[in-house]
Amino acid sequence: MSVWQLVAVGLVMLLGLVGVLVPGVPGQAIVWAAVLWWALTDMTPAAWGVLIGATALMLLNQALKPLLPPRRPGDSGAPRRTLMIGGVAGIVGFFVVPVVGGILGYVGAIFGAERLRLGSRGAGWASVRSVMRATGYAVLVELFCCLLVAGAWLGAMLWS
């Protein structure tokens, strides 16, 4: 696989990660399709292993979706910008502090944005709890699954 194809796969994955944050965009399917594209082009055991793992993880995520509260961003009281800031910080945090940074970045950025918007620490934490109940858990689980797939792809690329 050429360097330009790998860059294209990475950009499609990034598009899928951002798509998880935007309602109506099938971000999870886009991330999986990028891994499928890579595995069908690369044809190595590592590529097939990542594809099988990604498929299992995405199916597990689909099975967990009914157990999580539905996404209702309007119920949280926080602006959509706060959720986007949290999502972008979760994506960056996942790669800066592997794995745990995704969760810390997501929740921490929502707290920071809400603290600045509302003016106090107590109001910021109350808003974080409200956001997590309204949309946060569903978005966080889906984003984390997609980040794990992207991390596995990146790890397989760096390993080989």
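Helices here are DSSP runs (H or I, at least four residues), numbered from the N terminus. This is a predicted model, in which local features need pLDDT of at least 70 and side-chain atom pairs count only at pLDDT 80 or more, while totals for chains, interfaces and linings use all residues. Residues are numbered from 1 along each chain as its sequence is written, and side-chain values use heavy atoms, leaving out hydrogens and water.

Let's look at the two helix pairs side by side. Axes are lines fitted to C-alpha atoms, over the stretch in contact for helices, with angles from 0 to 180 degrees between N-to-C directions.

| Pair | Axis distance | Angle |
|---|---|---|
| Helix 2 and helix 3 | within 9 Å | roughly 160° |
| Helix 5 and helix 6 | 7 Å | about 150° |

The angle between helix 2 and helix 3 makes them roughly antiparallel, a label for angles over 145 degrees. On the helix 2 side, the residues in contact (heavy atoms within 4.5 Å) include Val31, Val35 and Trp38, and helix 3 contributes, among them, Trp48, Leu51 and Met58.

Helix 5 and helix 6 are roughly antiparallel too, but their crossing is right-handed. Their contact includes Gly86, Gly87, Gly90 and Gly93 of helix 5, and Gly101, Gly102 and Gly105 of helix 6.

Helix 6 has 19 residues and reaches 27 Å between its first and last C-alpha, close to the 27 Å expected (1.5 Å times one less than the number of residues). Among its buried residues are Gly101, Tyr106, Phe111 and Glu114, where buried means under 20% relative accessible area with a 1.4 Å probe, protein chains only. Just after helix 6, Gly119 takes a positive phi of about 95°.

Met13 is one of the buried residues of helix 1. Leaving aside residues up to four places away in sequence, Met13 touches Val31, Ala34, Val35, Ala150 and Trp153.

How values were computed: Helices (H or I, at least four residues) and strands (E, at least two) are DSSP runs, numbered from the N terminus. Buried means under 20% relative accessible area, exposed over 50%, partly exposed in between (1.4 Å probe, protein chains only). Angles under 35 degrees count as roughly parallel, over 145 as roughly antiparallel, 65 to 115 as roughly perpendicular and the rest as oblique. A crossing is left-handed if the near helix is turned anticlockwise from the far one by less than a right angle, and right-handed if clockwise.
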